[in-house]
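Q: Please take a close look at the ligand site in this predicted model. Which residues surround the ligand, and what contacts does the ligand make?

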Amino acid sequence: MGTPSNVKLLDENGIRLDGRGPQELRPIRLRTDVLERADGSAMIEWGGNKIIVAVYGPREAYPKHTQDIEKAVIKARYNMAAFSVDERKRPGPDRRSVEISKVISEALTAAVMVELFPRTQIDVFIEVAQADAGTRIASLTAASVALANAGIPMRDFVVGCTVGKVEGKVVLDLSKEEDNFGQADLPVAVLAKTGEVVLIQMDGDLSKEEFNEGMSMIMTATARIHEIQRTALSEKYKEMDMGGAE
Ligand code: ADP
């Protein structure tokens, strides 16, 4: 965080480096059924992010000590491919991916009817093939669609978005440059119907007013992103009606 003097993130009209206005999302494309061998799957392209999610389960939780006698345990594993970022990323888990896996698991647990499947686990494998800022909320948005695609009963969808502060202004859906050189980054995920916050993290500083402004931008954006989730799932059913034809 912190802007080096040679990076200007907003022009004199408040337009961002990639041409977006302050409340504009990057383009989002979401598809289901992208993998044959998973129980459910989804792929999301969000700006330059490309993320595939595979869901397996519910199946008996293993090792046994991870079982919960009252509910299913959601085990999300977030992984960034070595080639997903500019400089090759060292393969394998690191502190960041362990943290993201944990917050994603917790957020999804709030949406899935886990009490229906005691002693089981639901695996959610998240593979980031290309990272471009906002991967945790893009992953969550796709994971909740992949869970629905697997036929897992859910009380609601998880849908996420990020706001941040660049050059003193609150802006929606940070780009990579804004994430790197901006003053704050606030990823949030909510349940689509109720608006309940199931993930919130903050890097940098926002005043109370900026925080409230950002949350209101997030609520508007997540309603739109939820429409994209619903369309992705209904497209699948349309294809089934037509016998799988395109
Ligand atoms: P998020 O992807 O949820 O915004 P971060 O704020 O931690 O999570 O990361 C922001 C962006 O920084 C990532 O989307 C990715 O583009 C980049 N990034 C994260 N980790 C690495 C890494 N190890 N090497 C290079 N770039 C990275």
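A: In this predicted model, an N or O atom in the side chain of Thr135 lies 2.5 Å from an oxygen atom of the ligand. Backbone atoms contribute as well: an N or O atom of the Gly134 backbone is 2.8 Å from a ligand oxygen atom, and a backbone N or O atom of Ala131 is 3.5 Å from an oxygen atom of the ligand. Of the 540 Å² of accessible area that the ligand has on its own, the protein covers 75%.

The ligand is located in the largest pocket. Two elements, helix H2 (135-149) and helix H3 (176-181), each give two or more residues to the shell around the ligand. That shell holds 13 residues, and the closest are Arg96, Ala133, Gly134, Thr135 and Arg136. By residue class, the shell has seven charged, four nonpolar and two polar residues.

A separate feature of the model is its aromatic pairing. The count comes to one aromatic pair. The pair is formed by Tyr56 and Phe125 and is edge-to-face, with 5.8 Å centre to centre and 75 degrees between the planes. Tyr56 belongs to strand E3 (residues 49-60) and Phe125 to strand E5 (residues 120-130), so the pair ties together parts that are 69 residues apart in sequence.

Technical notes: Residues are numbered from 1 along each chain as its sequence is written. This is a predicted model: local features need pLDDT of at least 70, side-chain atom pairs count only at pLDDT 80 or more; totals for chains, interfaces and linings use all residues. Side-chain values use heavy atoms; hydrogens and water are left out. A residue is near a molecule or strand if one of its heavy atoms lies within 4 Å of it. A polar contact is a pair of N or O atoms within 3.5 Å; within protein, one must be able to donate a hydrogen and the other to accept it, and residues adjacent in sequence count only if both atoms are side-chain atoms. Accessible areas come from the Shrake-Rupley method with a 1.4 Å probe; for residues, only the protein chains shown count as cover. On a 1 Å grid over the protein atoms alone, a cavity is a set of points where a 1.4 Å probe fits but cannot get out, and a pocket is an open set with protein on both sides within 12 Å along at least five of seven lines; lining residues have an atom within 4 Å of a point. A molecule sits in a cavity or pocket if more than half of its atoms lie within 2 Å of its grid points. Helices (H or I, at least four residues) and strands (E, at least two) are DSSP runs, numbered from the N terminus. Ala, Val, Leu, Ile, Met, Phe, Trp, Tyr, Cys and Pro count as nonpolar, Asp, Glu, Lys and Arg as charged, and the others, Gly among them, as polar. Rings of Phe, Tyr and Trp (its six-membered ring) pair if their centres lie within 6.5 Å; planes under 30 degrees apart count as stacked, over 60 as edge-to-face and the rest as tilted.
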